[in-house]
Amino acid sequence: MSGQGRRWFEQTKEFVGKVKAGASDDGPDLWTRCDGCGDTLFNDALDANHLVCPLCGHHFRIGVIGRLRLLCDEGTITLHDDLLHPVDALTFVDSKPYAKRIEQSRAKTGRNDAFVAISGDVAGIPCEVGAFDFTYMGGSMGSVVGEAITRLFERARERRVPAIVVSASGGARMQEGVLSLMQMAKTCAALAKLKDEGLPYISILTHPTTGGVAASFAMLGDVILAEPQALIGFAGPRVIQQTIGEELPDDFQTSEYLLDHGMVDAIVDRGDLKRTIAVLLAQLLGLSPVRPFGLKSVEGGLREDAAESLTKPPPPPRIVEPEPEPEPESTEPGPK
Ligand SMILES: [Zn+2]
């Protein structure tokens, strides 16, 4: 293959790498079979739709950089803490040494650990934003991930801007033992300080958000959004079933199940996430109403009252005639 053909091949290979890590080496892979509807999708169409099946709405996994670009305005992103790297403090060995896993994950992802933290604007609102890289050891939270998230909350507090974290994690990183479990308390403590300052934190749960991440900051958002059909839970369904000895419903631990049970505030399609966050932040920060966004598919995933409050026009300003000051009769403070 040469000339234009070769260029086309190389570009296609690069693109497929984003969609499917396990694409075959036999040649260019132009199509992806949808896990949701089984239909065959043209990769370009899938890419243009943020890796969401245009036919059934199945959400494919999106890379961490693509995720952050989707949320933040172009040209506003500043990367933080990318030089923090994990150490094998316990010289832990399971099926292979932890040091080896770190090395392999770094080679595979080009990252030092499973979390990317940035400062960036969301629809013009400055924010501290972070997202998990699930391809780095299943997005597990060890000391570095915990530290990066803690610093994200601290930066948000210092800059007095909202925090946004997109979770996709298998939970605490067992290779770091108690050091990884400590990150649950540490991140939550930093988040509590952010909340003390009245600054909003939006948590976005994507497939899958489990274990120590689901059991800490991911479930503590002022607003918790989830992508459709995401697996969200602490322990796996098999463990729960064995513990309680009862059959679990089919949709157990999905975004939809959690929405029905009041654990998430809204299920939002990936393509609607940015404008939903922008509207929420404008409301939480008391900014002038953000009206340029159509909220078509957001409404479907929101509870009725929430959808109404997001889409109805802001109430007209109330003009209250000042009441005439009563003549002071007594210096005692009385009930108003
Ligand atoms: Zn589909």
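I'll start at a single residue: just after helix α6, Gly 198 takes a positive phi of about 75°. Keep in mind throughout that this is a predicted model.

Now back up into the helix itself. α6 covers residues 177–196, and at 1.5 Å a residue its 20 residues should span 28 Å. The end C-alpha atoms of α6 are 30 Å apart, which agrees with that expectation. Which residues of α6 are buried? They are Ser 180, Gln 183, Thr 187, Ala 190, Leu 191 and Leu 194. The cover over them includes helix α5, residues 143–159, together with strands β6, 163–169, and β7, 201–210.

The buried list for α5 runs from Val 144 through Val 145, Gly 146, Glu 147, Ala 148, Ile 149 and Thr 150, then Leu 152, Phe 153 and Ala 156. Note that Glu 147 is on that list. These buried residues pack against β4 (115–122), β5 (125–132), β6 and α6. Just after α5 there is again a positive phi, of about 55°, at Arg 160.

Next, the pair. Two packed helices are described by the angle between their axes and the distance between the axes. Here the axes of α5 and α6 come within 9 Å and cross at roughly 5°. Angles under 35 degrees count as roughly parallel, and therefore α5 is roughly parallel to α6. On the α5 side the contact is made by residues including Val 145, Ile 149, Phe 153 and Arg 157, and on the α6 side by residues including Leu 179, Gln 183, Lys 186 and Leu 194. By type, the residues of this contact divide into eight nonpolar, six polar and four charged.

In soluble globular proteins, nonpolar side chains tend to be buried together. The largest nonpolar core in this model has 61 residues, and those with the most contacts inside it are Leu 225, Ala 226 and Ile 277. α5 gives the most to this core, with seven residues. Apart from it lies another core, of six residues, including Leu 41, Leu 46, Val 52 and Phe 60.

What does Leu 225 contact, leaving aside neighbours within four places in sequence? The partners are Ile 202, Ile 204, Val 264, Asp 265, Ala 266, Val 268 and Thr 276.

Ile 224 is found in β8, residues 223–226. Is Ile 224 buried or exposed? Buried, because 21 other C-beta atoms lie within 10 Å and the cut-off is 20 or more. Not counting residues up to four places away in sequence, Ile 224 touches Ser 203, Leu 205, Met 219, Val 264 and Asp 265. Asp 265 is 41 residues from Ile 224 along the chain, yet their C-alpha atoms are separated by 5.4 Å.

The other residue is Thr 40, in strand β2, residues 40–42. Thr 40 has 10 other C-beta atoms within 10 Å and is exposed, since the limit for that is 12 or fewer. Beyond its neighbours within four places, Thr 40 is in contact with Trp 31 and Arg 33. The C-alpha atoms of Thr 40 and Leu 55, 15 residues apart along the chain, are separated by 10.0 Å.

For the whole chain, there are 12 helices and 10 strands. Of its 336 residues, 37% count as buried.

Key. Residues numbered from 1 in each chain as written. Predicted model: local features only at pLDDT ≥ 70, side-chain atom pairs only at ≥ 80, totals over all residues. Helix = DSSP H or I, 4+ residues; strand = E, 2+ residues; numbered from the N terminus. Expected span 1.5 Å × (residues − 1). Contact = placed C-beta atoms within 7 Å. Axes fitted to C-alpha atoms, helices over the stretch in contact; angles between N-to-C directions. Parallel < 35°, antiparallel > 145°, perpendicular 65-115°, else oblique. Nonpolar A, V, L, I, M, F, W, Y, C, P; charged D, E, K, R; others polar. Core = buried A, V, L, I, M, F, W, Y, C linked by C-beta atoms within 7 Å.
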